[in-house]
Structure formats: C-alpha cells, structure tokens
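Hi,

Here is the structure I said I would pass on.

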Amino acid sequence: MIRRRYPKTELFGFDISDQTLTTARAKLGQRVLLANGDACRFIPVATFGEEIFDNTVLSYSLSRIPD
C-alpha cells in the first residue's frame with residue numbers, strides 16, 4: 001500500500017522472526033529491503049546502512065516489545 005502511494009520511496013522491513021521474513025520476501029520480492037533482528041537492539045547503520053529514516057511504520061510491534 002505504501003509503495004503504491006509513494007512509488008519512489010525506499011522501503012525497509014525488520015523482524016525477529018525468520019518465518020515472518022520468509023513470508024514477506026515471498027510477497028514483496030526485491031521491492032523491500034528486509035533484515036532479521038531484535039527491535040530492542042536495532043542499530044540502523046549496521047542493519048541497513050542508514051543513519052535515519054524519514055518515517056517509521058509499526059505493525060503489531062508495540063505489543064511485542066517488552067517495557
């Protein structure tokens with residue numbers, strides 16, 4: 001949905017679950033750069049080579065990250 005509205009946007013995805021990433025890769029292909037990792041220890045430069053992101057979308061994350 002984001003890609004359709006903003007076709008020139010670079011998209012990145014991040015998840016701790018290998019199964020979730022496998023499903024995402026099958027659905028999204030090369031359109032999104034995906035990485036495995038723990039959101040509590042996320043280092044953008046190490047993971048994606050980016051220091052900052054213009055926008056962030058969280059889906060189902062906040063209920064899964066410990067306080």
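Going along the sequence, the protein reads α-β-α-β-α, which comes to 3 helices and 2 strands. Keep in mind that this is a predicted model. Along the principal axes, the C-alpha atoms fill a box of roughly 35 × 25 × 20 Å.

Let's start with the strands. β1 and β2 (residues 33-36) run parallel and are joined by 4 bridges. To get from β1 to β2 the chain passes through α2, and this β-α-β crossover is right-handed.

S17 caps the N-terminal end of α2 (residues 18-28), with a side-chain oxygen 3.3 Å from the backbone nitrogen of Q19. Just after α2 comes G29, which takes a positive phi of about 60°.

Next, the aromatics. Searching the whole structure gives 7 aromatic pairs. One of them is F14 with F48, an edge-to-face pair at 6.5 Å centre to centre and 70° between the planes. F14 sits in strand β1 and F48 in helix α3 (residues 44-48), so this pair ties together parts that are 34 residues apart in sequence.

F14 turns up again in the pocket, which may be the part you care about. The largest pocket has a volume of about 1800 Å³. How many residues line the largest pocket, and which lie nearest its centre? The lining has 42 residues, and F12, G13, F14, V57 and L58 are the ones nearest the centre.

As for where that lining comes from, α1 (2-5), β1 (12-15) and α2 each supply at least two residues. The biggest share is from α2, with 6 residues. By residue class, the lining of the largest pocket splits into 22 nonpolar, 10 polar and 10 charged.

After that, take α2, which is capped by S17, lies on the right-handed path from β1 to β2 and gives the most to the pocket lining.

Cheers

Key:
Residues are numbered from 1 along each chain as its sequence is written. This is a predicted model: local features need pLDDT of at least 70, side-chain atom pairs count only at pLDDT 80 or more; totals for chains, interfaces and linings use all residues. Side-chain values use heavy atoms; hydrogens and water are left out. A polar contact is a pair of N or O atoms within 3.5 Å; within protein, one must be able to donate a hydrogen and the other to accept it, and residues adjacent in sequence count only if both atoms are side-chain atoms. On a 1 Å grid over the protein atoms alone, a cavity is a set of points where a 1.4 Å probe fits but cannot get out, and a pocket is an open set with protein on both sides within 12 Å along at least five of seven lines; lining residues have an atom within 4 Å of a point. Grid points are joined across faces, edges and corners, and a volume is the space filled by probe spheres set on the points. Ala, Val, Leu, Ile, Met, Phe, Trp, Tyr, Cys and Pro count as nonpolar, Asp, Glu, Lys and Arg as charged, and the others, Gly among them, as polar. Two strands pair if DSSP finds at least two bridges between them. A crossover is right-handed if, with the strands pointing away from the viewer, the path from the first strand over the helix to the second runs clockwise. Rings of Phe, Tyr and Trp (its six-membered ring) pair if their centres lie within 6.5 Å; planes under 30 degrees apart count as stacked, over 60 as edge-to-face and the rest as tilted.
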